[in-house]
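I set out to record what I looked up in this structure, entry by entry.

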Amino acid sequence: MLTSSVLTSGLLAQQGQPPGQGGAPEIDYLAILPIIIIFGAAAVGVLLEAVLPKHQRWSVQVGLSILAIVGAGLAFAYYVSDAPTEGITTIAGALSIDQPALFLWGTLLALGFGSILLIADRSVEPGGAFVAEAAIRPGTVQDRAQAQTTGMQTEVFPLALFALGGMMTFCAANDLLTMFIALEVLSLPLYLLCGLARRRRLLSQEAAVKYFLLGAFASAFFLYGLALLYGYAGSVKLADIATAAAGTDRSDALLFGGLGLLVVGLLFKGSVGPFHTWTPDVYQGAPTPVTAFMAACTKVAAFGGMLRVLTVAFESTSWEWRGVLWGVAIVSMVIGAILGLTQTDVKRMIAYSSIAHAGFLLIGTIALTDQGVSATMFYLLAYGFTTLAAFGVVSLVRDSSGEATHLSQWAGLAKRSPLIAAVFTFLLLALTGIPLTSGFVGKFVVFSAAIEDGMAPLVVIALVASAVAAFFYLRVIVLMYFSEPAEDGPTVSVPGTFTTAAITLGVAVTVLLGVLPTVVLDWATAGGGFAS
Amino acid sequence: MLVPDTARLGADAIVASGQLAQSESGMTGLESYVPLILLIAVAGAFAVFSVTVAPLVGPRRYNKAKLDPYECGIEPSPQPVVGGGRVPVKFYLTGMLFILFDIEMVFLYPYAVAADSVGLFGFVSVFIFIVAITIPYIYEWLRGGLEWD
């Protein structure tokens, strides 16, 4: 166990016991400090909800959340500057803080920062995108009354922080039990957040219930797979499963049954088709800042976990399962690209686009080479920022009933607001994968990693799917620029500081990674891969 | 290291028994799952049997009580005002509080049994756990979750 600065607790010395048996496990507190800060701030946030009067909560929670993410970012930067390239495992091997984990942590913290900015915005919609009192039944007199108030349920901030901490743990989890706990910690707050939209409350609550029920199913699949793999390998540690899979004469039924169920749980979280059915409804119903958070951060976490599980535990058996995931990737790309064509709602369209992108990400994930890992991580970073900014723009186009998400309402938007139309056009081009955007570089590195690994037919299908998907992105651009705006069409709100900052961040990263991808690619490709 | 190690020991025992069965009968390690599968089959058969047989052999007496939401007789009260109003969530709050302390107890029992061997580290960990679980309790208390009316 390599440690750069192990703060082995002094308790061990006092007791005079050898480590391992009855003693304390070694914990590299410096390495896990970002997670501790995020979880600690979330716990403090819950306490603040209890003690602060209502009118002070919003400003304190926003300050605390931003401070926590910046603090975690600083702790993270300090650790990265001196981190061992081959990575470490800590807490008795429960967490593996290696180069991929650190890259994904950085991605998650940056995307989490942008999401918190979107969540905190109160200028676009008076009082913010979140409901003042979630327990009031939609459609009632009290509900209509609360729609006029400018309060919001500020528990949103601690919940988002808990989810973010869960995602970070998920990316670094080195055994399946830790992974399952992290999966629940990231999922449960998200289920709740989905149901807190200020407008269209029924749709929002429907999204929350759907996400919860299907998510609970997926978690059960994951847990069942975990149980079978434990039965196979006699351990939940990824490294032990890899050892067991590499050389035993035990029944493969348990191994592949377990792997199959486990991967279903992971694919669900990553909204990969055919496990995508929740995605359009939940993306549409959830408050737009939460949709942005889910689309950007949950994808990073899910694919980060998938990369680690497949690479560390199942590399030696990849011949047996890779064909299945080929099929899954094709199905996901086809569903995303073709069903995306028929969508008339902007949020649902981006949801189907995210399903298609999940297929592209899966291609990089199953390449199982160093190049595949780094390409997938780069793609996650690029896609996350683009989609974050896209949902930020979606939250700005409004009419009297809230966000105007129907595509017909976006007709002629360029005449009303040239700047917003130009920004959205750029983001759609990035999602398409046009050169000079991060989307192009992301697709390029993923596809070249796949070709190097002998998956040329899959790449051809992916290129066709990209071309099909390009149609529905371009259709929106044509609609915005070459149609006459309707008389009573939506207006474009002037974004406040927070939303402006989030959209600017997303657009800037999309440009930067398109023009100078090497800045990040070098980091993604450097270093020693997974430690276990 | 303690938790993974004990987990590992249990796992080794399971694997060992699996291998034993393998060497004796020449079958796979899946054999240790046979009792589990039997249990699932028995449970499923019992459920199907009960549901299909009950309407065939049971008496049928229709009355007004059959149409109530709860046949045991207690009307859920108070009813939401017609046209809307809050659905009372008092019982849910109590239920949440129960789960809070229930989970705490579930984790404290194994700690109490192993308190000697996990030492001061285990004590500090459990203490942090109790602090963490007290946070939602404080939240519920100060936000009025314990006031019945």
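**Conventions.** I took helices (H or I, at least four residues) and strands (E, at least two) as DSSP runs, numbered from the N terminus. I noted that this is a predicted model, in which local features need pLDDT of at least 70, side-chain atom pairs count only at pLDDT 80 or more, and totals for chains, interfaces and linings use all residues. Residues are numbered from 1 along each chain as its sequence is written, while chains are lettered from A and ligands numbered from 1 in the order in which they are written.

**Chain B, overall.** I began with the elements of chain B, which has three helices and zero strands. Read from the N terminus, their order is α-α-α. I then looked up burial: a residue is buried if 20 or more other C-beta atoms lie within 10 Å of its own, exposed if 12 or fewer, and partly exposed in between, with C-beta atoms placed from the backbone. By this rule, 4% of the 149 residues of chain B count as buried.

**Chain B, annotated spans.** I consulted the UniProt record, whose positions are given in the numbering used here; feature names are shortened, and annotations may be inferred rather than shown by experiment. The unreviewed entry places the feature "transmembrane region" at residues 33-57, 91-112 and 118-139 of chain B.

**Helix H2 of chain B.** I asked how far helix H2 (residues 34-57) of chain B reaches from its first C-alpha to its last. Its 24 residues reach 34 Å, close to the 34 Å expected at 1.5 Å a residue; the expected span is 1.5 Å times one less than the number of residues. The number of buried residues in H2(B) is zero, so this helix lies largely in the open.

**Tyr111 of chain B.** I located Tyr111(B) in helix H3 (residues 90-142) of chain B. Is Tyr111(B) buried, exposed or partly exposed? With 14 other C-beta atoms within 10 Å, Tyr111(B) is partly exposed. I next checked its contacts, two residues being in contact if their C-beta atoms, placed from the backbone, lie within 7 Å. Leaving aside neighbours within four places in sequence, Tyr111(B) is in contact with Gly122(B) and Val126(B). The C-alpha atoms of Tyr111(B) and Phe123(B) are 8.4 Å apart, although 12 residues separate the two along the chain.

**Chain A, annotated domain.** The unreviewed UniProt entry places "domain: NADH:quinone oxidoreductase/Mrp antiporter transmembrane" at residues 173-467 of chain A. I found this span to be 77% helix and 2% strand, with its end C-alpha atoms 36 Å apart.

**Helix pairs in chain A.** For these entries, axes are lines fitted to C-alpha atoms, for helices over the stretch in contact, and angles run from 0 to 180 degrees between N-to-C directions. Angles under 35 degrees count as roughly parallel, over 145 as roughly antiparallel, 65 to 115 as roughly perpendicular and the rest as oblique.

I first took helix H14 (residues 346-365) and helix H19 (residues 456-482) of chain A, whose axes come within 11 Å and cross at roughly 165°. H14(A) and H19(A) are therefore roughly antiparallel. Among the residues making the contact are Met349(A) and Phe360(A) of H14(A), and Leu458(A) and Phe472(A) of H19(A).

I then took helix H8 (residues 201-233) and helix H9 (residues 238-246) of chain A, whose axes come within 9 Å and cross at roughly 55°. That angle makes H8(A) oblique to H9(A). Leu229(A), Tyr232(A) and Ala233(A) of H8(A) meet Asp240(A), Ile241(A) and Ala244(A) of H9(A) in this contact.

**Loops of chain A.** I noted a cis peptide bond from Gly273(A) to Pro274(A), with omega near 0°. Pro274(A) sits in the loop between helix H10 (252-269) and helix H11 (278-285) of chain A.

Leu368(A) is not a glycine, yet has a positive phi of about 60°. I found Leu368(A) in the loop between H14 and H15 of chain A, and it counts as partly exposed, with 18 C-beta neighbours inside 10 Å.

Leu436(A), also not a glycine, has a positive phi of about 75°. Its place is in the loop between helix H17 (418-432) and helix H18 (438-452) of chain A. Leu436(A) is partly exposed, with 14 other C-beta atoms within 10 Å.
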